[in-house]
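Subject: Structure handover

Hi,

Here is the structure I promised to pass on. My notes on it follow below.

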Amino acid sequence: MAARRCLSSVLLFILCTFSVFTITRCQETTLAGDNGAAAGDSSPADTEAAEQTVEQTRWEATEVTEAIPDEAAADKQDSAAPETVAPSFTPPPKDDFQEELVIRPLHSGDIYASFQFRTLWQTDFTRENKVSHYGLFPKSLGQIISKFSVRELHISFTQGYWRTMQWGQPFQPSPPGAELWVWFQDSVTDVDGTWKELANVLSGIFCASLNFIDSTNTVQPSASFKPLGIANVTDHQFLRYATLPREIVCTENLTPWKKLLPCGTKAGLAVLLKSEKLFHSSFYSQAVHIRPVCEDWQCKTTSWELRQTLNVVFDLHTSGQGKREWSLFKMFSRTLTEACPLASTSKIYIDVTDNPQGEQFELSPFTALLTQAVVLGDRRTYSVYDLTQQITFGSVRSLNLLIRWKSSEGDMLRPLLHAERYVAGYGLQTGEIHTLMYNNHPYRSFPVLLLDSVPWYLRLYIHTLTVTSKGKDNKPSYIHYQPSKDRVRPHLLEMLVQLPPNSVTEVTVEFERALLKWTEYTPDPNHGFYVGSSVISALVPSIVAMDTNRTWESPLFSSFFPCKEESSYFVRIYTEPLLVNLPTPDFSMPYNVICLTCTVVAVGYGSLYNLLTRSFQIEEPSPGLAKRLANIIRKMRGVPPL
Amino acid sequence: MGLLSDPNRRRALIGLLTRLNAPICIVCYMAGVAWFMGLSFEPFTLRTYMSENAMGSTMVEERFPAGERALATGREFSAHKKKTGGMPVDWLVKTMQARGLEVFTQRFSRTLPFPDENKERYMVKGTNVYGILRAPRAPRTEALVLTAPCSPGDENNQAVGLLLGLAQYFRNQIYLAKDIIFLINEHDLIGMQAWLEGYHHTNTTGMDWSPLQGRGGSIQAALSLELSSNVVTSLDLVLEGLNGQLPNLDLANLFYAFCQKIGVLCTIQGKLQRNDWDSVSGYSHAVQTMMLMVMKQASGRPWGDHGLFLRYHIEAATIKGVNSFRQDKTDATTIGRLLEGMYRKLNNLLERLHQSYFFYLMPSLSHFVSIGYYMPAFGLLAVILLLRALDLWVQLVTPPPRTEDGDTDIDQQSSPGVLSVLTPLVISHLTGVALYMLPIRFQEMAVEHFPVSETEAVVLTAIAIYTAGLALPHNTNRLLTGEGTEQGWRVLKLVAVLYLAVLLGCTALINFSLGFILALTLVPVAAFVTPHVPKVLSAFVLVILSPACTLLYSVFFFHELQEMPISFQEGWLLYLSVISQGILDHYLYGSLVYPLIAVLVYPCWLLFWNILFWK
């Protein structure tokens, strides 16, 4: 396990990897039988769980691996890949494509839909860089990988802000705007140059303003972003991270993203991706993650994984006319008729955890298949619709899932970890950035890693940095601070902070607003200048472990010690970006007039002052040449001059 | 420049200026006043126009349908308000949540420096409730605010109802690009102050508030709504904020444009616009409107809940519904549509409002006077001070013609002058500081020894200190060892005149109205006062033109302008309450008028008083 050996050298992530690996091991022991057999009439693996449910539902004996956040999924991939890709020991296909849609009805009545598309490309990327044959893997991305020696690439485009307080945690977190982070291979010598070039190429591929990524908004985080695939680099000089909080995401970014899919939008789940509906939502995020993964348990062969995700939250109020019901047609204005023929699996998961007896909402058509997964530290139950089975589509040959709510709106959630950020103060000279991190766990504290990248035109006074929890000073155990250089690089601040249980931790730092040169202002200077989201990475104690009084009945022998596998999980959350007004000259005609007048007045004042303060004397006109000569002679003679 | 470099011509020019000083000053004064009065003459003013492109030609269709339901909500609110005897926090939270907002509350408390007798409050405790409507696909960087104060009694219930109705309506719309914060604040300005301080995490006035849980980024614009009847005849726009700050003129333009579009009568300073500018009554109407604005701006107090936003560079205005006995009434649906339109246009903004003027006066809602037009009026008054200073300087520098060793004479005369200038300067400023500090400090002692309430104690102490300052010249002269010389008072007056010029100049840049009103009264004093004028008459004039008396006239004049004349008795009571309000405004919201008058203007006036009684 190369990944484990390498990661263990990192200060923080020892804990992370350890817990994640234990998850993997636990699953391996509990899982019996393979995935293919389970889809049909499987013998349930979690027998103790299946006994508790209604008779007609069956359990799918697999775990939803995709729902685990990136960090964990990276390692889990090792075990998940052989189970899903290589059933019954046949030689695996060279490329593999899977598609998935997860729908989670949210407490607020909104609905969260998450598309996951995964393309695996079995190629030994370490030996040969030049690849000429492309199957399912998009050529444009494959060329990027080989040309720029990319080890890992993560790019996300998000329109909107994920409302943790109402929606809980997302499967793939992303900050508003565009985010790009790349690990380069250690063979790259000019990392900055390659990074700049790569950003420009990606800008073309995704029709986005990624070409605005330059040294003033790029940082090299030391601990927050670790490789998610198999990796043997931990030297963060090969890592580049940049966000563009101002980036507007729209159809023009979606279209190239859709073209990367093997089936395009012709078949499979991707037919649902109609932009007029996707952009009629509360939150929209699309992402592309490329990373190397292991093909088998011992990591003998490796392959590239391209994971395309699209998360969208539909708003109850703006789309429904007061009726609390959702259907595929209402969400996407399409229904499903077939799976993508190239896909090895094609499934729809619906989160029915809060709805075991159908008391919250009603789901139709009914499916007998259920599955369980530990997602973000919580044990969730999902109804599964397998699109590769014809029976899913029923007699009308089309699947239109319908969720009809029965109860009224829920209250605000209290997620274990959430954060917010704002600018305090008034006036255009100074200000203060406040970052609040809430730990809502009743009795456990946990560490978080805070990453702040602030543009140079906000000059941070780092001596004013304070971290307080419960009114007391909370000393960070690790601080990495890189001061900014004007017009060259931003501030980078990384801190490892322990959040006490049930508390709010406040990080404040004062700043001064720089006065820019007049050509450095954007065309709309009075809009303000953006500061990207802070990134908070944390290992959060799991909800399952917290739940001592389980409603879930389990055998007595299994419930004495809290299960270690689920004791904590990795979460990355992003705060809101900031909009800061800088002192802005009035770029208008009166301003020019004032400038001109001031110049004239200054010139006039100078001469006037000169005249007023100088004393004047009448000077004798200078004598003629003859007279001067005469005077010299008279001087020599010792006679008084004329 | 040749004029000044030639000593003969220079001498001639200076001679002219000193000889004609008095007539020039008088002409300047008259010209300044005439210019100011001319500002409200319509042909001299500009029509308002929308400068901001994003709000200019964009089409907005107003569709708000639910005025009646909003009024019903208002009635429900009023019932709950009566039941709880204050702000129905729980009901508001529940109602806002039902409308799909993220709801938060903020508790605050404030003990006033002395009881506020106008609003009968001393220890204030309250709760603000606000709901944030999150715009779809917006990253929480920008927000707009709509507030309605939860007033005691039966006031403003309709405003709250309409606010909730609009919240519900906007919740179902997809076009929003900025979060909208719907705020219901208790105890009007104090609640507003607490909320704004909480939102920006500052504490300028020593208020206790609980931190806010939810925010929407930087606030771009805000409107405060005051509505106390189901139907209105007209809507009044209030612009004057703290310290005489005004919102960007485009906000007023926006309101005016929508009133025109929807066909609602709109007023400013409660005055309708008139078309007969060429008639005397039409002109005097415009003068009245502008003078009201000048008076309100000069007072430096926030004239609506919007006033406190301006400190944070948030453009804000108050819209007041007025129900008079006119025939054509406007219902709540129309007002809702007006607000909807305004918010949609504000929602379209790409930048903060900055295109139009921040310094202006409005003789009517459709006309304005910009800073370039009104500043000359003040400039003409300020020039008098500079001319007088030049005159004094020339008198000081020119040696008395007949003495041969004039230079040594001046040295001998001006050396005691330094002390004779410094002493009155320091003493009068100490009096000013006493006027600023003592009324609050000594209120308890005053209440113990005299049969007065705290508020009366503060106001009467202030008046007592002010009056006691008039006895200063007597004491100052006693402190000085030698006799005051002729040169001495000239130097003192030169300093005082320049001091006043700088003081008024700075004030007028920040708050034109205050600067102009002060200049109007103080400049004549500064110009004519010498030790040689008849003492009693001059002293009387000086007292009449002192800042305190200016305030007294302003009280009467203000009511005259509002067409609500008051008797002297009422006026005096009002005068006392205005003083207490001014002091309260300073302590509660950070208004600068009281310290400005007490610490700077009053000492400056005392200097002239000193010169009059120079020995």
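Start with helix H3(B) against helix H12(B). From H3(B), the contact (heavy atoms within 4.5 Å) takes in B:Asn21, B:Ala22, B:Ile24, B:Cys25, B:Cys28, B:Tyr29, B:Ala31, B:Gly32, B:Trp35 and B:Phe36. They meet B:Tyr373, B:Pro376, B:Ala377, B:Leu380, B:Leu381, B:Val383, B:Ile384, B:Leu387, B:Arg388 and B:Asp391 of H12(B). By class, this contact has 16 nonpolar, two polar and two charged residues. Nonpolar covers Ala, Val, Leu, Ile, Met, Phe, Trp, Tyr, Cys and Pro; charged covers Asp, Glu, Lys and Arg; the others, Gly among them, are polar.

H3 spans residues 21-38 of chain B and H12 spans residues 371-397 of chain B. Helices (H or I, at least four residues) and strands (E, at least two) are DSSP runs, numbered from the N terminus. The packing angle is about 165°, and the axes are 8 Å apart. Axes are lines fitted to C-alpha atoms, for helices over the stretch in contact, and angles run from 0 to 180 degrees between N-to-C directions. H3(B) and H12(B) are therefore roughly antiparallel. Cut-offs: under 35 degrees is roughly parallel, over 145 roughly antiparallel, 65 to 115 roughly perpendicular, the rest oblique. The crossing is left-handed, meaning that the near helix is turned anticlockwise from the far one by less than a right angle; clockwise would be right-handed.

The model is predicted: local features need pLDDT of at least 70, side-chain atom pairs count only at pLDDT 80 or more, and totals for chains, interfaces and linings use all residues. Residues are numbered from 1 along each chain as its sequence is written, chains are lettered from A and ligands numbered from 1 in the order written, and side-chain values use heavy atoms, without hydrogens and water.

Next pair in chain B: H17 (residues 486-510) and H22 (residues 593-612). Their angle is about 150°, with axes 10 Å apart, so H17(B) and H22(B) are roughly antiparallel too. Their crossing is left-handed. The contact residues divide into 14 nonpolar, two polar and one charged. B:Trp489, B:Leu492 and B:Lys493 are among those on H17(B), and B:Leu596, B:Leu600 and B:Val601 among those on H22(B).

UniProt's unreviewed entry lists "transmembrane region" in chain B at several spans, including 371-390 and 592-614. Positions are in the numbering used here, feature names are shortened, and annotations may be inferred rather than shown by experiment. Residues 371-390 of chain B are 100% helix, with end C-alpha atoms 27 Å apart. Residues 592-614 of chain B are 87% helix and 0% strand, with ends 32 Å apart.

How many residues of chain A are in contact with chain B? 41 are, against 39 of chain B. The buried area is about 3500 Å², 56% of it from carbon and sulfur atoms. Buried area is the accessible area (1.4 Å probe) that two parts lose on being put together, summed over both. In chain A, A:His317, A:Tyr426 and A:Asn526 lose the most, together 18% of what that side buries.

Two backbone points in chain A. The A:Ser364 to A:Pro365 peptide bond is cis, omega near 0°. A:Pro365 sits in the loop between strands S12 (361-364) and S13 (369-375). A:Arg397 has a positive phi of about 55°, although it is not a glycine. A:Arg397 lies in the loop between strands S14 (378-386) and S15 (402-405).

Regards
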